[in-house]
Amino acid sequence: MSRLNIVVGVTGGIAAYKAVSLVRQLVLEGHDVHVVPTESALRFVGRPTFEAISRNPVHTELYEGVAEVRHVAIGQAADLIVIAPATANTIAKLAAGLADDLLGNTVLASRAPLVVAPAMHTEMWQHPATQANVALLRERGVTIVGPAVGQLTGADSGPGRLEEPETIAAAALARVGRAPSEASASTASDAPAPRDLEGRRVVVSAGGTREPLDPVRFLGNRSSGKQGIAIAEAARARGASVTLVAANLEVGAPAGCEVRTVQTALELQHAVAEAAATADVVVMAAAVADYRPASVSEQKIKKDASGDGLVLELVRNPDILAGLGRAPHDGTVLVGFAAETEPDDDRLLELARAKRRAKGAELLVVNRVGWNEGFAADDNRVAIIGRDDAVVTEAHGSKASVAHAILDVVVSELHHAAEAAPNH
Ligand code: CTP
């Protein structure tokens, strides 16, 4: 396997110390790594550390090495640029194409794929300016890794934490079609995946919504989120930028996806609508509660006050998928799910066809569920109904292999959509 010339840009945040581990991993994978820190990154980690770990000299300033035209030479020679951590400020500069330091020049002078791992406080990450900048970078084909959700530098926690160095290394190498070595084995299953979703944006909702009754109780369902997670993971392995809208998952979210955590159907609707606005594919794998309590008690509901019976009044939640399906969505492929208990195969498919039409989805994935079927299992059996109501494919096996089968159909649907709308 040939040695890549990788530039690691490091910008000024506490998480800069994790860049040391990232550089180390890339060097151990056999690559030639050049670290380009910003001035502020060097306030967190010293130049000698980066030089020792990367085994290469480290430059920061534009006016060093002018004779060798360093401000463009580093970028021109790069096969891959990874910026980790990327602060909100750096992301804004990248979006605007600013080149007031060596890193900015390196990025602009390069045609290499760019992978950016943001790290910042949640408020900064969620600020509309940052979100717009990130959306713009994604549009230009930049791979965004993370941020992860977790403990931040202060007492706060939430989305904004730098992804783990192994995840960033694996995502960066995958971006240039390299399987990570056993050091990043958690994503080794990426290796055989075709890169046919490169540059695409995929939104996946997964899990099951919870509708609160009072501060301690909710109406929920038995969805584990495993199939949705498998789809998110497979889409990422195939090169997509993935936003996972995660409703009460029983298992951890996969690495390398942007994760939006939600509880209720209304929260899920909001998060999906926002992400879907710029998506090529929306997969609604979440089990969304069709109803929610008409009112949520501020205090715990006491049985003494309710007597022997308790009547709950429920109101309809919006149908999120049908809402997306009704709106014009040229070129965006909508994928719905139907979990049905119907025992008869033909009637099961008829239910699925009717549901696909009712929701306005391009594809509908149907599986049978029961007391002992479907939920939380590691295997799944599905049929996929296409736009002409035919069964496009049937798949069974691990949720990962079913995820890839679903994405195979999605990819051909994307080609079909592009042919139908050549100006899209
Ligand atoms: N869905 C949605 N919004 C809802 C309910 C469901 O977007 N309020 C989506 C699910 O994510 C899934 C598909 O629609 O992709 C499931 O359809 P749905 O009609 O909700 O299935 P069931 O709940 O099984 O419906 P029914 O009880 O009417 O059969």
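These legends describe close-up views of helix packing in a predicted model.

**View 1. Helix H1 packed against helix H2.** H1 spans residues 16–28, and H2 spans residues 47–54. Their axes lie 9 Å apart. The angle between the two helices is about 15 degrees. Angles under 35 degrees count as roughly parallel, so H1 and H2 are roughly parallel to each other. Their crossing is right-handed.

**View 2. Residues in the contact of H1 with H2.** H1 contributes Ala16, Ala19, Val20, Val23, Arg24 and Val27. From H2 come Thr49, Phe50, Ile53 and Ser54. Sorted by class, this contact holds 7 nonpolar, 2 polar and 1 charged residues.

**View 3. Helix H1 packed against helix H8.** H8 covers residues 165–175. H1 and H8 pack at an angle of about 45 degrees. The axes of H1 and H8 are 9 Å apart. Roughly parallel requires an angle under 35 degrees, and roughly perpendicular runs from 65 to 115. H1 is therefore oblique to H8. The crossing of H1 with H8 is right-handed.

**View 4. Residues in the contact of H1 with H8.** On the H1 side are Lys18, Ser21, Leu22, Gln25 and Leu26. They meet Pro165, Glu166, Ile168, Ala169 and Leu173 of H8. The contact of H1 with H8 comprises 6 nonpolar, 2 polar and 2 charged residues.

Note on methods: Residues numbered from 1 in each chain as written. Predicted model: local features only at pLDDT ≥ 70, side-chain atom pairs only at ≥ 80, totals over all residues. Heavy atoms only, no water. Axes fitted to C-alpha atoms, helices over the stretch in contact; angles between N-to-C directions. Helix = DSSP H or I, 4+ residues; strand = E, 2+ residues; numbered from the N terminus. Parallel < 35°, antiparallel > 145°, perpendicular 65-115°, else oblique. Left-handed = near helix turned anticlockwise from the far one by under 90°. Contact = heavy atoms within 4.5 Å. Nonpolar A, V, L, I, M, F, W, Y, C, P; charged D, E, K, R; others polar.
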